[in-house]
Amino acid sequence: MRKLQMVDLKGQYEKIKDQVDKAVIDVIDSTAFINGPEVKQFQEDLEKYLDVKHVIPCANGTDALQIAMMGLGLKPGDEVITTDFTFAATVEVIALLNLTPVLVDCDINNMNISIEAIKKAITPKTKAIVPVHLFGRAVDMDAVMALAEEHNLYVIEDNAQAVGGVYTSKDGKKKLGTIGDVGTTSFFPSKNLGCYGDGGAIFTNNDELAHTIRGIVNHGMYERYHHDVVGVNSRLDSVQATILKIKLPHLDGYNKARQKAAMYYSDKLGVNENIIVPVICDTCDCHVFHQYVIRITNGKRDGLLEHLQSKQIPCAIYYPIPLHRQKAYLDDRYKEEDFSVTNQLSDEVIALPMHTELDAEQQDYIINTILNYIN
Ligand SMILES: *Cc1c(COP(=O)(O)O)cnc(C)c1O
């Protein structure tokens, strides 16, 4: 059996090695390391793939979120609602910009931000909602967009975990990240579309916002050496862009491989009454399984984690502590009873190996080891 890994980046690389190696050498030969033609080419390929007017590449997914919020002109004191159950980057940039993060509970059925909780958290100071398509699963964007319209709020989709995912909205199918005012993603190596270092991008259909953001990523310059706004330096480099350009045509195939592996896990693990598997939709691509996360409901989650590790099966807890209980984001306004779902999830979730190279032999070993322990 191939060695088990949370993510098998090497196995994936081996299948495209010749193409990638040549493209990387070509960039080095050209010495156009920054803003080389590959960056523009990848940007255009991604615009076409996502069916979005503007893609603005940047240095990473955290920058992408920060720059999106800067581009929207959010001001200190503006309240931004997001989920209590996400990677810290989402809330970190809100706090960094001196905006006021308002964390809310999520929905037990899909682990995404709770629409009811958003409704309750809206105040006259609320300016934006940041839904996160957690683990690759689409948030109910029709509901989020309806609330945003009703209360005149911006929507920033944190799509770091769900690039390539599709949402079937009331107006038809749309790629995740292109539904709100602005969307962001990360090309961190282990993400569904990962490069070989750091990278990120911002998406929007709004011409004016795209123009503003293009200046912000480049030191606030709209004309060389004229700095109209305070910006940042955030670039996708040419080596990463050329790798992403090669990988993009494989993204749908990569996501299909993840969905197939997820289906295999769920068919076999879902029969155990103490294991809650993610709901899998076989009619659309609303879940692209950045992570495959199950819930263990009989109090044996921590024991299972140790057991799997002792059997050389890598696994992880995303996320062990909800954000409202993290020291950096404590706030007197938060009441524990408002976070019953995220508190429960942090005790029950466990992520299993999930990537594009999993085979049945590996999955059977993982599944049997779990079922033998959770009986
Ligand atoms: C990975 C991730 C980010 C940050 O991306 P980086 O490229 O690592 O900065 C932001 N939000 C979510 C939900 C993520 O999973």
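**Helix packing and its surroundings**

Modeller: Start with helix α2 (residues 17-30) and α9, which pack at an angle of about 150 degrees, with their axes 9 Å apart. An angle over 145 degrees counts as roughly antiparallel, so α2 is roughly antiparallel to α9. The crossing of α2 past α9 is right-handed. From α2, the contact draws on Gln19, Val20, Ala23, Val24 and Val27. From α9, it draws on Ser238, Val239, Thr242, Ile243 and Ile246. By class, the residues in this contact of α2 with α9 are seven nonpolar, three polar and no charged. Keep in mind that this is a predicted model.

Now turn to the other partner of α9. Helix α3 (residues 37-50) and helix α9 (residues 238-247) have axes that come within 8 Å. These two axes cross at roughly 35 degrees. The crossing of α3 and α9 is left-handed, whereas α2 passes α9 in a right-handed one. On the α3 side, the residues are Glu38, Val39, Gln41, Phe42 and Asp45. They meet Ser238, Ala241, Thr242, Leu244 and Lys245 in α9. The contact of α3 with α9 holds four nonpolar, three polar and three charged residues.

Helix α4 (residues 61-71) packs with helix α8 (residues 207-216) at an angle of about 125 degrees. Their axes lie 9 Å apart. The two helices, α4 and α8, are therefore oblique to each other. α4 makes a right-handed crossing as it passes α8. Ile67, Ala68, Met70 and Gly71 come from α4. Leu209, Thr212, Ile213 and Ile216 are their partners in α8. This contact of α4 with α8 comprises six nonpolar, two polar and no charged residues.

Next, the wider chain. The domain assignment gives domain 1 as 9-105 + 112-249 and domain 2 as 250-373. Taken over C-alpha atoms, the centres of domain 1 and domain 2 are 24 Å apart. Domain 1 brings 42 residues to the contact, and domain 2 brings 36 residues. The size of an interface is often given as the accessible area lost when the parts come together. Between domain 1 and domain 2, the buried area is about 3,300 Å². Carbon and sulfur atoms give 55% of that area. On the domain 1 side, Phe85, Asp105 and Phe135 stand out: they supply 24% of the area that domain 1 buries against domain 2, more than any other three residues.

Two backbone details are also worth checking on screen. Most residues other than glycine have a negative phi, and most peptide bonds are trans. Tyr225 has a positive phi, near 65 degrees. Tyr225 is in the loop between β10 (221-223) and β11 (226-227). The peptide bond from Tyr318 to Tyr319 is cis, with omega near 0 degrees. Look for Tyr319 in the loop between α11 (301-310) and α12 (340-348).

Definitions and conventions. Residues are numbered from 1 along each chain as its sequence is written. This is a predicted model: local features need pLDDT of at least 70, side-chain atom pairs count only at pLDDT 80 or more; totals for chains, interfaces and linings use all residues. Side-chain values use heavy atoms; hydrogens and water are left out. Axes are lines fitted to C-alpha atoms, for helices over the stretch in contact, and angles run from 0 to 180 degrees between N-to-C directions. Helices (H or I, at least four residues) and strands (E, at least two) are DSSP runs, numbered from the N terminus. Angles under 35 degrees count as roughly parallel, over 145 as roughly antiparallel, 65 to 115 as roughly perpendicular and the rest as oblique. A crossing is left-handed if the near helix is turned anticlockwise from the far one by less than a right angle, and right-handed if clockwise. Contact means heavy atoms within 4.5 Å. Ala, Val, Leu, Ile, Met, Phe, Trp, Tyr, Cys and Pro count as nonpolar, Asp, Glu, Lys and Arg as charged, and the others, Gly among them, as polar. Domain bounds come from an automatic or database domain assignment. Buried area is the accessible area (1.4 Å probe) that two parts lose on being put together, summed over both.
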